[in-house]
Amino acid sequence: MLTAKQHELLRFIHDRLEGTGISPSFEEMKDALDLKSKSGVHRLISALEERGFIRRLPNRARALEVLKMPDSAVAGSMPKPANDLGAQTTRVPAQMPEAANDVIDIPLHGRIAAGAPIEAFEDHQSLPVPAALLGPGEHFALEVSGDSMIEAGIFDGDYALIRRADTARDGDIVVALVENEEATLKYLWRDGGNVRLDPANASYEPQVYESRAVQVQGKLAGLLRRYH
């Protein structure tokens with residue numbers, strides 16, 4: 001089942017693709033649904049993607065394809081397949097919309113160590129991020145401080161894009177909060193009753209803590225780098 005807003009957005013995207021072959025921009029979707037911010041559109045898009053109604057075309061920023069429509073959303077405007085046996089969805093032909101350059105503002109929570117743990121600041125800044133870099137879920141950004149993850153391609157001054165999560169698999173790069181005070185960006189490994197936080201720099205030693213002392217706050221989803 002779709003919410004009213006999800007249904008409304010799906011219909012809007014479908015109609016735009018049918019009429020122009022180009023997916024609407026985030027700004028257009030925000031205005032059409034009378035939403036306050038584009039982050040609301042991002043959440044709706046993610047929900048529709050998770051439910052299999054749309055997909056994001058690879059290597060095309062914000063290009064969307066409608067995979068199916070609830071019958072109620074297209075009644076009278078789209079014939080049912082000849083072999084329809086009462087299915088609840090109608091398949092929509094693939095579209096090839098042009099890319100639209102959309103940006104989402106996500107919270108920027110200070111600096112995080114890619115070396116020894118340092119305090120992660122909680123502030124009220126935001127960072128504009130190309131929406132194509134973000135998948136489903138809630139995200140925030142941290143500015144990387146240090147060089148202990150350089151062999152993973154993460155450098156001092158990069159912006160780590162983090163998807164909020166409280167669990168992770170061995171080998172994931174995570175934001176780990178240590179002793180509820182200090183945060184660090186590391187590979188996570190479980191070792192018996194301990195948690196090992198591994199750097200990606202041979203100059204640094206792994207950090208080992210009791211499991212109760214380490215809390216996963218998110219997993220690395222992407223990086224932004226500014227060149228000066």
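Reply: Happy to. The cover over the buried residues of H3 includes H1, H2, strand S1 (54-56), S2 and S5. Bear in mind throughout that this is a predicted model.

H3 runs over residues 38-50, and its buried residues are Gly40, Val41, His42, Leu44, Ile45, Ser46, Ala47 and Leu48. Its length agrees with expectation, because 13 residues at 1.5 Å each should span 18 Å and the end C-alpha atoms of H3 are 18 Å apart. After the helix comes Gly52, with a positive phi near 80°.

Take Ile45 to start with: Ile45 belongs to the largest nonpolar core, which has 28 residues, and is listed with Leu9, Leu10, Ile13, Met29, Leu127 and Leu161 as touching the most other members. At least two residues of this core come from each of helix H1 (4-20), helix H2 (26-32), H3, strand S2 (64-66), strand S5 (103-113), strand S6 (125-130) and strand S8 (159-164). Ile13 shows how the pieces meet: leaving out residues up to four places away in sequence, Ile13 touches Pro24, Met29, Ile45, Leu64 and Val66. As a general point, nonpolar side chains tend to be buried together in soluble globular proteins.

Leu48 leads in another direction, to Leu2. Leu2 sits in the segment before H1. Beyond residues up to four places away in sequence, Leu2 touches His7, Leu10, Leu48, Arg51, Phe53 and Pro70. The C-alpha atoms of Leu2 and Pro70 are 8.9 Å apart, although 68 residues separate the two in sequence.

Arg16 and Glu28 form a salt bridge through their side chains, at 3.1 Å from N to O. Arg16 belongs to helix H1 and Glu28 to helix H2, twelve residues apart, so this pair links distant parts of the chain. Both partners are partly exposed: the relative accessible area is 25% for Arg16 and 34% for Glu28. Another salt bridge joins the side chains of Asp31 and Lys30 at 3.3 Å, N to O, and here Lys30 is buried, with a relative accessible area of 14%. Through shared partners, salt bridges join Glu27, Lys30 and Asp31 into one network. The count of salt bridges comes to twelve.

S8, a contributor to the core, takes part in one of these too. Glu138 pairs with Arg164, with the closest N and O atoms 3.2 Å apart.

Now for the wider picture. The protein has four helices and 13 strands, and buried residues make up 44% of its 228 residues. A second, separate core of 14 residues includes Val144, Leu177, Ala183 and Ala200.

Finally, a word on confidence. The mean pLDDT is 78, and 79% of the residues reach 70 or more. Helix H4 (residues 71-74) has the lowest mean pLDDT among the elements, 48, while strand S11 (residues 194-198) has the highest, 94. Residues 72-90 stay under 50, and the pLDDT is also below 50 over residues 92-100. Where pLDDT is low, the predicted coordinates should not be read in detail.

Key: Residues numbered from 1 in each chain as written. Heavy atoms only, no water. Core = buried A, V, L, I, M, F, W, Y, C linked by side-chain atoms within 4.5 Å. Buried < 20%, exposed > 50% of the residue type's maximum accessible area, 1.4 Å probe, protein only. Contact = heavy atoms within 4.5 Å. pLDDT = per-residue confidence, 0-100. Expected span 1.5 Å × (residues − 1). Salt bridge = Lys/Arg side-chain N within 4 Å of Asp/Glu carboxyl O.
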